[in-house]
Amino acid sequence: MKRLLIGALVGAILIFGWQGAARMVFKYHYEGLKPAPNSDAILATLSSNLPADGQYYLPDLNPDATPEDMENFEKQHHGKPWAIINFHRSYDSRQMGMLMTRQFTTMFLSVLLFIWIVGKNPGSFSSVFFKSIAAGIFVFVTAWYPQNIWWELPWPVLRGELIDLLVGWALAGLWLGWWLNRRTSRR
């Protein structure tokens with residue numbers, strides 16, 4: 001149990017640390033975020049038209065629409081602008097500590113799950129390393145890339161997430177390749 005917890009803790013620190021460095025030092029995530037001209041006016045319009053925090057898809061079609069409604073919707077909106085908006089009524093930088101705690105906890109649980117999946121006989125250093133990178137790729141192709149397929153999430157946003165996943169899980173893989181094999185060989 002100690003081997004599992006220490007492995008997950010250090011792996012989570014490496015992934016979390018890389019993600020922090022990516023945002024604060026390398027800043028490549030900002031390439032995908034374009035500044036909006038007249039942001040105060042846009043936010044005022046959103047605030048007066050959106051009822052609550054949430055994600056909004058514009059133009060909207062009722063999920064219970066008939067096939068005829070869907071066909072009419074397609075004809076009416078084809079070639080016109082559309083948007084996905086993540087809207088929040090209040091910005092509060094005091095939440096940063098809780099957000100960081102949630103992110104670190106998520107990374108810890110992810111690495112813990114990875115160690116559990118590779119099992120008691122994880123394989124050689126290189127095997128663990130490449131399995132770890134595969135975990136990062138798996139997350140990208142199942143969680144992030146579909147956002148491009150269905151919602152046209154821009155490539156600069158995806159690229160930042162792909163770099164985070166590959167580098168973060170590679171660092172965790174270097175650690176786990178050594179840690180899990182070190183402990184296995186001492187039994």
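A nonpolar core is a set of buried Ala, Val, Leu, Ile, Met, Phe, Trp, Tyr and Cys residues joined through side-chain atoms within 4.5 Å. Buried means under 20% relative accessible area, exposed means over 50%, and partly exposed lies in between (1.4 Å probe, protein chains only). This is a predicted model: local features need pLDDT of at least 70, side-chain atom pairs count only at pLDDT 80 or more, and totals for chains, interfaces and linings use all residues. Residues are numbered from 1 along each chain as its sequence is written, and side-chain values use heavy atoms, with hydrogens and water left out.

The largest nonpolar core has 22 residues. V111, F114, W169, L176 and L180 have the most contacts inside it. Four helices, α1 (2-26), α4 (96-118), α5 (125-151) and α6 (155-185), each supply at least two residues of this core. Helices here are DSSP runs (H or I, at least four residues; strands are E, at least two), numbered from the N terminus. α6 gives the most to the core, with 9 residues. In soluble globular proteins, nonpolar side chains tend to be buried together.

Now the charges. A salt bridge is a side-chain nitrogen of Lys or Arg within 4 Å of a carboxyl oxygen of Asp or Glu. A search of the whole structure finds 5 of them. Take E161 and R23: their closest N and O atoms are 3.6 Å apart. E161 sits in helix α6 and R23 in helix α1, so this pair links distant parts of the chain, 138 residues apart. Is E161 buried or exposed? E161 counts as buried, at 12% relative accessibility. R23 is partly exposed, at 33%.

R159 and E31 form another salt bridge, with closest N and O atoms 2.6 Å apart. R159 lies in helix α6 and E31 in the loop between α1 and α2 (39-49), so the pair ties together parts that are 128 residues apart in sequence. Both partners are partly exposed: R159 has 29% relative accessibility, and E31 has 48%.

R94 and D92 also form a salt bridge, the closest N and O atoms being 2.9 Å apart. R94 counts as exposed, at 72% relative accessibility. D92 is partly exposed, with 24%.

Next come the rings. Rings of Phe, Tyr and Trp (its six-membered ring) pair if their centres lie within 6.5 Å; planes under 30 degrees apart count as stacked, over 60 as edge-to-face and the rest as tilted. The count comes to 10 aromatic pairs. F16 and F104 form an edge-to-face pair, 5.6 Å centre to centre with 90° between the planes. F16 lies in helix α1 and F104 in helix α4, so the pair ties together parts that are 88 residues apart in sequence. F16 is partly exposed, at 22%. F104 is partly exposed too, at 24%.

W175 and W178 make a tilted pair: 5.5 Å centre to centre, 45° between the planes. How far apart are W175 and W178 in helix α6? They are 3 residues apart, and so are separated by about one helical turn. W175 is buried, with a relative accessible area of 16%, whereas W178 is partly exposed, with 43%. Elsewhere, ring pairs link Y57, W82 and W151 into a cluster.

Those three residues lead to the surface. Y57, W82, I84, I137, V141, Y145, I149, W150, W151 and L166 form a nonpolar patch there. Patches are made of residues with over 30% relative accessible area and no salt bridge; like charges are joined within 9 Å, nonpolar side chains (Val, Leu, Ile, Met, Phe, Trp, Tyr) within 5 Å. Together the patch residues have about 950 Å² of accessible area, from the Shrake-Rupley method with a 1.4 Å probe, where for residues only the protein chains shown count as cover. α5 gives the most to the patch, with 6 residues. I149 is found in helix α5 and counts as partly exposed, at 48% relative accessibility.
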